[in-house]
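Here is a friendly walk through one model, from its loops to its core and its chain contact. Please keep the sequence and the 3D view open as you read.

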Amino acid sequence: MRNFTGLLINEWLKLSKKKSFFVAYAILAVVFGIMGYAFYEIQPDGLTSTVDFATGTIMLQAAGQLVPVLAVLAAAGSVTQEYRYGTIKFLLIRAQSRHKILASKYIVMVVYTLTLVLTTAALAVAAGYIVYGGGSGESTWTDFLGNIASLAVYSIVFVTMTFMIGILTKSNGASIGIGIFSMMAGSLLVMLLSRYTITKYLLFANTDLSVYRSDAVPIEGMTLVFSIVILLVYMALFLSVSFAVFKKRDIA
Amino acid sequence: MTTAKITNPSIVLQLDGLTKKIGGKAIVDGLSFDIAKGEVVGLLGPNGAGKTTTMRMIVGLIGMTEGDVRICGQSIRTSFEQAIRHVGGIIENPEFYPYMSGYDNLKQYQRMTAGVTDARIAEVTKLVGMQDALGKKVKAYSLGMRQRLGIAQALLHEPKLLILDEPTNGLDPAGIKEMREYLKQIAEAEGIAILVSSHLLSEIELMCSRVIVIQEGKLVTVRSLGEAESTKQKVLSISMQVGNAGQALEVINRMEGIMAAQSDSFTNKITFELQQDQIPGLVASLAAEGVAIYRIEEVRATLEEEFMKLTGGNRIA
Ligand SMILES: Nc1ncnc2c1ncn2[C@@H]1O[C@H](COP(=O)(O)OP(=O)(O)OP(=O)(O)O)[C@@H](O)[C@H]1O
Ligand SMILES: [Mg+2]
C-alpha cells in the first residue's frame, strides 16, 4: 500500500512539475475574471444574484465547457507522454504490476479533473460575489451543486475515454483530437439521430446529466437513473479495454 | 514449455529456449544460456541480430512466444514482480522526464521500490560521477550524462542482474573506459551479474569474461574470453616493423618458444607468436644484433575476424 501511495505521488509530480501545469488554472481564472467584468458592465436580465451567476457560468454551455477540455488535454498525455519520452521502459521494469501503474495514472487523472472542477466552482462563486455581492435570484445552492456534479461527471467520462484512446493509439495528438472532437460532435450526433430510440444508448446522449434538472430530455423516456447506468457501463468498458490492452502490450 | 528450475544457486539469469515471433518470423529463435553471479557476459551480434529484442523479453517489456526467462529462479512470465525486483536495466537509450531534474527522476524510481534510501541515491550518483549535475534539468544533459544517470537508475535498488543495451553508446573515450571499470568493479565487488550488448567485439573483450554471439536471433557461439590466463603466460600475436626482416628472423628462430614466425622482406614486417614475458628478451637480442626496430604491435584481429566469419561480415538480418 505504501508503494501504491508512491505511485500516486509520482504521477502527481509528473503532472505538476511541468511548466504548463499552472496554465490550466490560470486560464480558468482569467476567463472568470473577464466574465465577471462583462456581467458587471452589461447587467443581463434574469441574473440577479451570486448563485445565479455561479450556477449559470459553470454550465457546460458556458465557461464550464473549459473544464472537460483542459482535463482531456492532460488525460491524453498520461500514458502517451511516457511513450514519447521513452520513460515507459524504465517505468515498467520495476517491481510493480502494470495494473497498479495504470491504476495510479487513472486515479491521478480523476483527481486532477476534480481539482479543475473545484477551482472552477470556487472562481464562479468568487466572481459572482464580487459582481452581485450575494443578492437573491432564481437559482439555489442546490442548483449550483447539481451543476458542479454534472460538470464533474461529464469531465470524468471524457477523461476516461481519452485515457483509453491514449493507450490504444500511443499518440498524444490523436488522443486530444479524438477526445475533443467527440465532445463537440457527440451532442450534434445525438441531435441528428434523436428520432431513433436506439440513440439513447449512445454515450453522448447521456454525458450531460444537467438536462434532468429541466424538462429538456434529449430523447423521450430517458431518466437520470437510466443515464447513470449507461455511463457506468461505458466507463466499465473503457477501463476494461484500457487495463487489458496495457497489460498485454509489447513495449517496443 | 519446460519449467525446470535452476539447479545451481549461483545462476542469476537463465534463458530457456527463448523465442519471439512477430508476424510468423522468428526474431529471436530458441535462445538458451545461463549467467552466474559476478559474471560479465557480452551479447554480440550485427545490427538486427535480436539483441535488443532478447533484452526486452528478459525484462518483461515484451512477451515471449515460447520458452522462459528465469531470474534468481523466478519466471519473468509467471512471477513478474518477484523476478524483476532483482533486475536493473537500460534498454536502448536511457530516457528520463526532461522537465525534471536528475534528482527528481531518481526519486521517481526510489518511490517505486521499497527500501531504497536517500543515502543509496547519493551512493549511486557518486559512483557514476553525477553528484554535481543532479540538480540540473535532464533536458540540459548530454547523452553521456543521461547514460550515467541511466546506470544510477539501474543500480538504485541493488539488483542482482544488470541488463545493459549498448551502455557505452554516446560516451566519450574517457567515459567508456570509466564505465568499463565500474561495471567490472561492481561485478567483482558486489557480485552482480551483467549482460551487456554491443556490436563491437573489441569493447566486449575488454570487460566480459564470456561472449554470446547471436545472429538472426540464433545462438552462433559462446566463447570464454581468456581472462583466466595470466597475462604473463598469455600467448600474444605480435607484428614487428624492423630495418631488416631477414636478419630479424634469424635472431627470432634462434630463440626458443617463438612460434610461426613469418617475414615479409618487402615491407620488412615480421609476425610471430610468443608469451608476453619473452618480449623484453627478444627486443634485447634484436638490439644487440643491430636490428632496427620501428614498431611493435599486438595483432588482435583473430577474434574479430572470427566474428566476421561467423556473422557474415556486416550483413544486416
Ligand atoms: N516490433 C517489431 N516488429 C517487427 N519486427 C521487429 C520489431 N522489433 C524488432 N524487429 C526486428 O527484429 C530484428 C531484431 O531487432 P533488434 O532491435 O532486436 O536488433 P539488435 O540486435 O538490437 O540491433 P542493433 O544492433 O541495431 O541495435 C530486426 O530485424 C528488426 O527489424
Ligand atoms: Mg539494439
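Helices (H or I, at least four residues) and strands (E, at least two) are DSSP runs, numbered from the N terminus. This is a predicted model, in which local features need pLDDT of at least 70 and side-chain atom pairs count only at pLDDT 80 or more, while totals for chains, interfaces and linings use all residues. Residues are numbered from 1 along each chain as its sequence is written, chains are lettered from A and ligands numbered from 1 in the order in which they are written, and side-chain values use heavy atoms, with hydrogens and water left out.

**Two loops in chain B**

Let us start with the backbone. Asn268(B) lies in the loop between strand S12 (259–264) and strand S13 (269–275) of chain B. Glu92(B) sits in the loop between S6 and H3 of chain B. Neither is a glycine, and their phi values are positive:

| Residue | Phi |
|---|---|
| Glu92(B) | near 55° |
| Asn268(B) | about 60° |

Glu92(B) counts as partly exposed because its relative accessibility is 37%; the class lies between buried (under 20% relative accessible area) and exposed (over 50%), with a 1.4 Å probe and protein chains only.

**The nonpolar cores**

A nonpolar core is a set of buried Ala, Val, Leu, Ile, Met, Phe, Trp, Tyr and Cys residues joined through side-chain atoms within 4.5 Å. The largest one has 152 residues, and Leu13(B), Ile194(B) and Leu195(B) have the most contacts inside it. A second, separate core of 16 residues includes Ile238(B), Met240(B), Ile252(B) and Ile270(B).

**Where the chains meet**

Chain B brings 36 residues to the contact and chain A brings 31 residues. Together they bury about 2900 Å², with 56% of it on carbon and sulfur atoms; buried area is the accessible area (1.4 Å probe) that two parts lose on being put together, summed over both.

There are 2 salt bridges between chain B and chain A, each a side-chain nitrogen of Lys or Arg within 4 Å of a carboxyl oxygen of Asp or Glu. Asp104(B) forms one with Lys17(A), and their closest N and O atoms are 2.8 Å apart. On chain B, helix H2 (80–84), strand S6 (87–90), helix H3 (102–112) and helix H5 (143–155) each supply at least two residues of the side that touches chain A. H3(B) gives the most to that side, with 6 residues.

Conventions: Contact means heavy atoms within 4.5 Å.
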